[in-house]
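Trainee: Please take me through one part of this model in detail. I would like the aromatic rings and the strands around them, and then the helical side.

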Amino acid sequence: MNLAYRDIRHNLGRFLLTCVGLGLLLGVVLAMIGIYRGLVADALTIARAPAVDLWVVEANTRGPFAEASRIPGDIREAVARIADVTAAGSITYQTVETEHGGVKLRLYVIGYELTRPGGPPEIAEGREIARNHYEMVADRSTGLTLGERVLLGRNVFTVVGLTRHQVNSGGDPAVYITLPDAQKLQFDLAPPAARVQLARGTGGSSRDTVNAVVARLHGNASPEAVAETVRRWKHLSAITQAGQELILTRSLVDRARRQIGLFTSLLLVVSAVIIALIIYTMTMEKLKQIATLKLIGAPDRAITGMIVQQALALGVIGFAIGAALIVNIKDYFPRRVVLEPDNVMILGLIVFAVCLLSSGLGVRAALRVDPATALGG
């Protein structure tokens, strides 16, 4: 006879309700882990999208994401002539807020050269940009569809393609347009301001300005060596792809990442305490029945097995409920939730270990029960 199964069946409703409550708590823990991973993934998405090895930016800055950077666009030709560089392209980044369909739409606009690195990593629907002006590839999270027209600045752009998972570190969805359009959007002044600058004699400055030049290298080339070559030019700085990712994770999202990590750790501790209390309470409620089992000669291993099996069943069912809940609703979160298999497995092992250790409290209380208490009122 399996005592754990018999006891669970006897109090099935309360046991399942306890599993659901525990599952909701573990679901929150799993969601926080997914949000934590999603925050890091979002921070690195835009930096990884061009699939490059080197970022050339303004001197004494840390790139277009952590600090403002402006360099002449023709720097790309000088970078392209460096040994071991296979391709180079200019990129601009800017945040634009526009109105579409009666609602505010906040976009992260990326300008790139059509024949050079910097464009969207994939086209999930539609096609790539084919014209030099007024076409756009948008991320699906913008809510835009193929053929829609969006006003950016003083020009209207048509959505010709859709990509996915392209957002900046703040969660704003990305849209891709050509570099000339992006430069016009970012650096052109409004007509009144342009007239003022023209009157001051400063209106004829070149508009060929970009935020960064990205470069791809030969497979056996050293990014750090090429970066050192660029740094010798004095008026520029160069950052390897690994260095750019380090800046993003250590600087741009560091505080948010640490805060979510600390909150997740706190939730894990709270979950462990609650699991221990649930198992201990379940054992204390059965002290009279345990005393009766002892009185009729049930061995200690049978009583210990009952408590341990119930604790593990509680953890396994609760974790399954929580995991199923988050997997089914994660796409409805406003920010990306990344559930990696190894994170889910590690949390499952933690829950298993917590249940096993927590059952020790119940086992200790059960083994100390005097069989004579079964004869009391």
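Mentor: What follows starts at a strand, moves to the aromatic rings and ends with the helices. Keep in mind that this is a predicted model.

Start with strand β1, residues 54-58. It is mostly covered, with 4 of its 5 residues buried. Two strands pair with β1. One partner is β11, residues 212-217, which runs antiparallel to β1 and is held over 3 bridges. The other is β12, residues 236-240, also antiparallel, joined to β1 by 5 bridges. Leu54 shows both pairings. It stands opposite Ala215 in β11. In β12, the bridge partner of Leu54 is Thr240. As background, side chains in a regular strand alternate between the two faces of the sheet.

Now the rings. The whole structure holds 6 aromatic pairs. Take Phe65 with Tyr93: the ring centres are 4.9 Å apart and the planes sit at 55°. Stacked pairs need planes under 30 degrees apart and edge-to-face pairs over 60, so an angle between those limits counts as tilted. The Phe65 and Tyr93 pair is therefore tilted. This pair links distant parts of the chain, 28 residues apart. Phe65 lies in the loop between β1 and β2 (71-72), while Tyr93 lies in strand β3, residues 85-100. What about cover? The cut-off for buried is under 20% relative accessible area. Phe65 has 14%, so Phe65 is buried. Tyr93 has 7%, so Tyr93 is buried too.

Tyr93 has a second ring partner, Tyr108. Here the centres are 5.9 Å apart and the planes are at 20°, so this pair is stacked. It also links distant parts of the chain: Tyr93 in β3 and Tyr108 in strand β4 (residues 103-112), 15 residues apart. Tyr108 is buried at 8% relative accessibility.

The largest nonpolar core has 26 residues. Phe15, Ile275, Leu314, Leu347 and Val351 have the most contacts inside this core. The elements that give two or more residues to the core are α2, α8 (254-284), α10 and α11 (341-367). Helix α2 gives the most, with 10 residues. In general, nonpolar side chains in soluble globular proteins tend to be buried together.

A nonpolar patch on the surface is formed by Val20, Leu24, Ile317, Ile321, Leu325, Ile329 and Tyr332. Together these residues have about 590 Å² of accessible area. The elements giving two or more residues to the patch are α2 (12-48) and α10 (300-329). The largest share, 4 residues, comes from α10. Leu24 is placed in helix α2. With 45% relative accessible area, Leu24 is partly exposed.

Finish with Thr18, also in helix α2. Thr18 has 23% relative accessibility, so it counts as partly exposed. Thr18 and Ile33 are 15 residues apart in sequence. Their C-alpha atoms are 23 Å apart in space.

Technical notes: Residues numbered from 1 in each chain as written. Predicted model: local features only at pLDDT ≥ 70, side-chain atom pairs only at ≥ 80, totals over all residues. Heavy atoms only, no water. Buried < 20%, exposed > 50% of the residue type's maximum accessible area, 1.4 Å probe, protein only. Pairing = 2+ DSSP bridges. Phe/Tyr/Trp six-rings, centres within 6.5 Å; stacked < 30°, edge-to-face > 60°. Patch = residues over 30% accessible without salt bridge, like charges linked within 9 Å, V, L, I, M, F, W, Y side chains within 5 Å. Areas by Shrake-Rupley, 256 points an atom, 1.4 Å probe, with all protein chains shown as cover. Salt bridge = Lys/Arg side-chain N within 4 Å of Asp/Glu carboxyl O. Core = buried A, V, L, I, M, F, W, Y, C linked by side-chain atoms within 4.5 Å.
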